[in-house]
Amino acid sequence: MLLKPFRLLTKMGQEKNTPLGSIGSVLWGFDMLLEVLEKMREKYNIVKPDEEKKNQKLSHLATCIDHAHGLFSKYYELTDKTEAYVVAMVLDPRQKYKYFFHHWNKKHHHGVKRKIEAMYKEFRVDDAGASSSTVDSQQSNKKRKVDDDFDILGHRFGKEEDVQDEVERYLNSSKLTLSTQEANWTFDIIAWWKANEMVYPTLARMAYELYSIPSMSAEVERVFSRYYFEIVY
């Protein structure tokens, strides 16, 4: 029972070409597994080293659980050194900030916002029409420009107002809610971002790069091993 969630999430992390196998799954995966280990620590009455029982005698299994919890906590803290893990989760339109508000202590919320703002500035597309999928349409639109006194778009949609930046518009829009578990399991995040690239060109670029990063090195190591065997043998 203890190893079942580890097996399940490890198999998910090894998936190829899916968001479940990308770094977008790392933080919530860590959270779930740490929760499992913390419950087991309580079950076996494992205390922290700085508490009363400094020389606590543990069974073999309890020692393994305690050691695993220490390693997981160590590597979890290392994810804070980059914005990528947090931003990848925020760019899931089904989550946005909601996951962090529900699962993380309030003191960390500001850091989450700071990370996505920092990466957004790094990737920002100054001209919203500069995304790869809209360049051709921009060229064709030049032919449609007419004199300012005959403003077709202004007549149709009203005068332009101050527009929020992409991050504000994305986060202020409603969270995507899917009606079934099957829909959530099969949801294609990349397809969603392709469909919304014209609305959020900078965020779409961020999503394409982040969701292409695997959560685990297992597949890379397999490729390396196959290449090694082909060369050596």
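# Notebook: salt bridges, rings and helices

I searched the whole structure for salt bridges and found 4. I count a salt bridge when a side-chain nitrogen of Lys or Arg lies within 4 Å of a carboxyl oxygen of Asp or Glu. The model is predicted, so I note its limits here: local features need pLDDT of at least 70, side-chain atom pairs count only at pLDDT 80 or more, and totals for chains, interfaces and linings use all residues. Residues are numbered from 1 along each chain as its sequence is written, and side-chain values use heavy atoms, with hydrogens and water left out.

**Entry 1. Overall make-up**

I looked up the secondary structure and got 13 helices and 0 strands. Helices (H or I, at least four residues) and strands (E, at least two) are DSSP runs, numbered from the N terminus. Of the 233 residues in the chain, 32% are buried. My cut-offs are under 20% relative accessible area for buried, over 50% for exposed, and partly exposed in between (1.4 Å probe, protein chains only).

I then checked the surface. The chain exposes about 16700 Å², with carbon and sulfur atoms supplying 53% of it. Accessible areas come from the Shrake-Rupley method with a 1.4 Å probe, and for residues only the protein chains shown count as cover.

I also looked at contacts, meaning heavy atoms within 4.5 Å. Of the contacts with a separation of 6 or more, 69% join residues 24 or more positions apart.

**Entry 2. Salt bridges, pair by pair**

I started with Glu35 and Lys39. Their closest N and O atoms are 3.5 Å apart. Both sit in helix α2 (residues 26–43), 4 residues apart, which means a separation of about one helical turn. An α-helix has 3.6 residues a turn, so residues three or four places apart point the same way. Glu35 is partly exposed at 42% relative accessible area. Lys39 is exposed at 52%.

Next I took Arg41 and Asp66. This salt bridge has its closest N and O atoms 2.2 Å apart. Arg41 is in helix α2 and Asp66 in helix α3 (residues 60–78), so the pair ties together parts 25 residues apart in sequence. Arg41 is buried, at 10% relative accessibility. Asp66 is partly exposed, at 28%.

Then I checked Asp80 and Lys115. Their side chains meet in a salt bridge at 2.8 Å, N to O. Asp80 lies in the loop between α3 and α4, and Lys115 in helix α6, so parts 35 residues apart in sequence are tied together. Asp80 is exposed at 52% relative accessibility. Lys115 is buried at 6%.

**Entry 3. Aromatic rings**

I searched the whole structure for aromatic pairs and found 11. Rings of Phe, Tyr and Trp (its six-membered ring) pair if their centres lie within 6.5 Å; planes under 30 degrees apart count as stacked, over 60 as edge-to-face and the rest as tilted.

For Phe6 and Phe72, the ring centres are 5.6 Å apart and the planes stand at 90°, so I logged the pair as edge-to-face. Phe6 lies in helix α1 (residues 4–13) and Phe72 in helix α3, so the pair ties together parts 66 residues apart in sequence. Phe6 is buried, at 16% relative accessibility.

Trp192 and Trp193 also form an edge-to-face pair, 4.8 Å centre to centre with 85° between the planes. Trp193 is buried, at 0% relative accessibility. I noted one aromatic cluster made of Phe6, Phe30, Phe72 and Tyr76.

Helix α6 (residues 109–123) has 15 residues. I read 22 Å from its first C-alpha to its last, close to the 21 Å expected at 1.5 Å a residue. That expected span is 1.5 Å times one less than the number of residues. Among the buried residues of α6 are Val112, Lys115, Ile116 and Phe123. Their cover includes α4 (84–90), α5 (98–103), α9 (166–172) and α12 (201–210).

I checked α12 too. Of its 10 residues, 7 are buried, so I logged α12 as mostly covered. The buried residues include Pro201, Leu203, Met206 and Leu210. The buried residues of α12 pack against α4, α6, α9 and α11 (189–195).

**Entry 4. A surface patch**

Last, I looked up a nonpolar patch on the surface. Phe150, Ile152, Leu153 and Phe157 form it, with about 470 Å² of accessible area together. Patches are made of residues with over 30% relative accessible area and no salt bridge: like charges are joined within 9 Å, nonpolar side chains (Val, Leu, Ile, Met, Phe, Trp, Tyr) within 5 Å. Phe150 is in the loop between α7 (135–141) and α8 (152–157). Phe150 counts as exposed, at 58% relative accessibility.
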